[in-house]
Protein chains: 2
Amino acid sequence: MTEQMLDRGRSLPRAKDTSQRNHNLHVASRKRALAKILKAGEVVFGRRGFDGATTAEIAKEAGVSKATVHYYFKTKSDLHKGVLDRILNVWADALNEVRADREPADALARYIARKMEYARKYPELTRLWAIEVLSGAKRIQPFLRGTSRQILSKKGKVIRHWIATGKMDPIDPTHLFFMIWATTQTYAETEAQMISITGKDALDKVFMRKATNTISHVILKGLGLIKV
Amino acid sequence: MTEQMLDRGRSLPRAKDTSQRNHNLHVASRKRALAKILKAGEVVFGRRGFDGATTAEIAKEAGVSKATVHYYFKTKSDLHKGVLDRILNVWADALNEVRADREPADALARYIARKMEYARKYPELTRLWAIEVLSGAKRIQPFLRGTSRQILSKKGKVIRHWIATGKMDPIDPTHLFFMIWATTQTYAETEAQMISITGKDALDKVFMRKATNTISHVILKGLGLIKV
DNA sequence: GTCTATAGCGCGATAGAC
DNA sequence: GTCTATCGCGCTATAGAC
């Protein structure tokens, strides 16, 4: 997001014969408008996917006209990139719970809890990411090949360290992370399915707490981190 | 699928002044054409989602003209329904591995293996289903509220029976099934992401065998079914 | 039954008034 | 900066020849 905003910010005309105060006002309203449109993009892209979403619906969701959306983001694709950029950082950040100086049970429980919290708090972003991956991940390729790969290898080493020091079962870190990502994100991704099958709101606080406990129990015990 | 095909079959005009032999030939070519188009629908819908897919691309994939696609399926939406119908049965069928007369470790290991096999064999169908669920599950609502709910409650009882007889840890069956679905399907759903991150083909036979072993180990042990 | 050609329209994007 | 009005493309769906 940040790059996107800065890029456009730099290329926009500036008022030259007006007061600094006025300029600041404009900057503030720019920010508000941008935030509104990005938020709307999150919701609508998360609901409909890239092709299913229309700029008209995004504009309506943001409470502005279609032309205004195109004023801030030249193309639909630009807006989509802007929205995606936000999720990448949060995604990478949560993995910092996995640290070698922690006990594996503690670190992994925190990571799982954090991912679940995130699915509950930002279901649209989670779904948006899922749609992107499902449809070939073309737009997020650079991030996956760069940041993701790097972080995964770094955190994989932490897991292998825990295994080497006999703290947990010898489980391939890559598959372990895939498991954690899948089990946590599924609560946002398949919310509609869960509601239809169980009759309960999948992102309800109580339901999610129970889910978190279950996932934590199965995974931690499955790794040999709970003995009982 | 079957309903769809039968419905359309019944409503189509029949040759009246031609031989039975000719009629049979027509029926056979009808079946072939239908199968080609449905298979193409699977691939293209699985690749692009409903809105991203175009009837032109489906026609090309099937090796027929756009008009021919519309001849067999009046609307794009009809074809989509036809494709979805196929996945529902397989989905429900795999759960039959979970039976009260089996040992839980055996039954669940088989079920997990079956789901993984399925993800490897029919990645397009798996992705198609995922896209459908992600975008609100409107089109599969009847199936979810009917068959899915019914099966889940039946199989949930099996799990609870195992728990009651002290064979496994007291884990909520619903969340357990969500875990199994998420961890197995993710290999088809996030194939693109996995390739970018690991540099390996996520649906490769060896990679998948390792994944199956890892998932089985963690889940079975996590349920108290492996003691070591 | 399958094709080519085209109707009809929804959508992304832009021009231009305010 | 935000709007209304509109352009023009690309898509679904159909008409009609073979």
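Trainee: What makes the surface near DNA strand D divide into nonpolar, polar and charged residues?

Mentor: Ala, Val, Leu, Ile, Met, Phe, Trp, Tyr, Cys and Pro count as nonpolar, Asp, Glu, Lys and Arg as charged, and the others, Gly among them, as polar. Here that gives 6 nonpolar, 7 polar and 4 charged residues. This is a predicted model, where local features need pLDDT of at least 70, side-chain atom pairs count only at pLDDT 80 or more, and totals for chains, interfaces and linings use all residues. Side-chain values use heavy atoms, with hydrogens and water left out; residues are numbered from 1 along each chain as its sequence is written, with chains lettered from A and ligands numbered from 1 in the order in which they are written.

Trainee: Which helix supplies the largest share of that surface?

Mentor: α4(A), with 4 residues; helices are DSSP runs of H or I, at least four residues, numbered from the N terminus.

Trainee: Why is E97(A) called buried?

Mentor: Buried means under 20% relative accessible area (exposed is over 50%, partly exposed in between; 1.4 Å probe, protein chains only). E97(A) has 15% relative accessibility, so it counts as buried.

Trainee: What does E97(A) touch, leaving out residues up to four places away in sequence?

Mentor: Contact means heavy atoms within 4.5 Å. E97(A) touches R102(A), A107(A), R110(A), Y111(A) and R114(A). E97(A) itself lies in the loop between α5 (76–94) and α6 (104–121) of chain A.

Notes
Helix = DSSP H or I, 4+ residues; strand = E, 2+ residues; numbered from the N terminus.
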